[in-house]
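Please open the viewer and keep the selection tool at hand.

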Amino acid sequence: MAADTRLSTSVLLTCAAIGVATGVLGGIAGWITVPVLAALPIVYGFVLGVHVLPGIIAQEALRLPWVALITHGVAALVGIAIAPIYAGQYIGTAILFGGIQELVAALVRYRSWAPWRFFVSALVIGVVVALAVFFAAHLGAMPLWAQILYLILSVLGPVAWTAVGLGVGRALRRAGVARPRTR
């Protein structure tokens, strides 16, 4: 008999709560984008790394399929409410980052929840962010040292935010958020 793949109401509500909290952070990151790009563009990739939090926290706390994508979707909606000018970017980021996080989890068949697995998705996201922003923001016009520093910070941003997300997710598990519910 196939395993029940439906997500309970408590799991969906947990995804929603995590999505709202991390969506607020994403909305704030959206509003500081222009000032950061104008003043110190080499740190933008690090700021953008905050968008890994919804999926990392949800996967670490709940350890279930689809929770990264669902939580990223809620976070995107909250981010859009805070910074509507970035609606397309929030939706794209939710699909891309949540999709990468789900894909990495699916590759290990949702059986490994070791920290290395989360950091693999963070590195993949970091490389994608680094390359996308490098070309979109024309950072090639910067001095070589700034380009290198930008690439390093863009890859390390999602890794650092992943470490934060794992800590929050573990705290939620310890608090009983992921307790199995009886039907």
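Where is Arg63 found? Arg63 is in the loop between α4 and α5; helices are DSSP runs of H or I with at least four residues, numbered from the N terminus. This is a predicted model, in which local features need pLDDT of at least 70 and side-chain atom pairs count only at pLDDT 80 or more, while totals for chains, interfaces and linings use all residues. Residues are numbered from 1 along each chain as its sequence is written, and side-chain values use heavy atoms, with hydrogens and water left out.

Keep Arg63 selected. Its phi is positive, about 55°, although Arg63 is not a glycine. Most residues other than glycine have a negative phi. Arg63 counts as partly exposed because its relative accessibility is 30%; buried means under 20% relative accessible area, exposed over 50%, and partly exposed in between (1.4 Å probe, protein chains only). Next, select Trp66, which is placed in the loop between α4 and α5. Trp66 also has a positive phi, near 75°.

**Helix α6**

Select residues 87-107, which form helix α6. The expected span of a helix is 1.5 Å times one less than its number of residues. Among the buried residues of α6 are Tyr90, Phe97, Ile100 and Val104. The cover over the buried residues of α6 includes α1, α3 (44-48), α4 (53-62), α5 and α7 (115-136), where contact means heavy atoms within 4.5 Å. After α6 comes Arg109, with a positive phi near 55°.

**Aromatic rings**

Rings of Phe, Tyr and Trp (its six-membered ring) pair if their centres lie within 6.5 Å; planes under 30 degrees apart count as stacked, over 60 as edge-to-face and the rest as tilted. By this rule there are three aromatic pairs. Select Tyr86 and Tyr90: this pair is edge-to-face, with 6.4 Å from centre to centre and 80° between the planes. Both Tyr86 and Tyr90 are buried. Now select Trp113 and Phe118, whose ring centres are 6.3 Å apart and whose planes meet at 40°, so the pair is tilted. Trp113 and Phe118 are both buried.

**A last selection**

Select Ile82, which lies in helix α5 (residues 67-82). Is Ile82 buried or partly exposed? Ile82 counts as partly exposed because its relative accessibility is 31%.

Methods
Helix = DSSP H or I, 4+ residues; strand = E, 2+ residues; numbered from the N terminus.
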